[in-house]
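Hello,

Here is the structure I said I would pass on. My notes follow below.

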Amino acid sequence: MKKIRDFFIVLFGGPFGIHKFMNGEIGMGILYLFTGGIFMIGWFKDVIAVTRDLFHINGAGSLMSYDVIKQINNGDMPCINTPNLNLEENEFCCYMDKGYTFKDKTITTGYTGRNNGVSIRIAKGISYRTGASGSRAIRETQRTKYFGTLYLTTKRLIYSSQNVSFDKPHEKITSIQEAKDGLIIQIGSNTYEIVIDTHSEFMKVYNNYIKLI
């Protein structure tokens, strides 16, 4: 209900800075009030933000709220409520999002080209072809995705899925690299490629806080 309330407050009261005053941002509230939501540009950006949060599409469907993602991008480390994760004493979760590992397999989907052989019928529905064939196999890569959830806590790195899972303390992590569409995690001799939308936010939390613990 709070998200719906915030959405309508920003939608109808945004140009007057009402949502800024409610959040204690008095200076921005006054600025919005006298500039019509900073000439409607600031108001429009705020409407987009609360809309994404309302329909849970921040970070392309992130499990983290817009406020948490914003907090990370502002350089702060959040404390995320994770009812399905058993945390140790003095441990809290600072990143949580869904992603997937994958397995690629090359398969033949058909053939193309000219066949110069001769077909001999042996029986009804059965034939034998002789001679050289000029056809070429058409191959494509088929990717199977295994969805799971990646957690980063102050003590551990956890990935939970039906296919691949691990639960390792930070000192056991060999390296973590950011890829174009996710993360490459090295744990000993094992490498895990996890495609995840909020990989940039993960690296910010990991580099700014976890490495310093």
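Is Ile26 buried, partly exposed or exposed? Ile26 counts as partly exposed, because its relative accessibility is 45%. Buried means under 20% relative accessible area and exposed over 50%, with partly exposed in between (1.4 Å probe, protein chains only).

Before the rest, the ground rules. This is a predicted model: local features need pLDDT of at least 70, side-chain atom pairs count only at pLDDT 80 or more, and totals for chains, interfaces and linings use all residues. Residues are numbered from 1 along each chain as its sequence is written, and side-chain values use heavy atoms, with hydrogens and water left out.

Ile26 sits in helix α3. Helices (H or I, at least four residues) and strands (E, at least two) are DSSP runs, numbered from the N terminus. α3 has a kink of about 90°, centred on Leu33. The bend at a residue is the angle between axes fitted to the seven residues ending there and the seven starting there. Gly29, Tyr32, Thr35 and Gly37 are the buried residues of α3. Met40 follows α3 and has a positive phi, near 75°.

Next, the hairpin. Strands β8 (residues 182-187) and β9 (residues 190-195) run antiparallel, joined by 6 bridges. Two strands pair if DSSP finds at least two bridges between them. Gly182 is opposite Val195 in β9. The hairpin has 2 residues between its strands, and Gly188 takes a positive phi near 65°.

Regards
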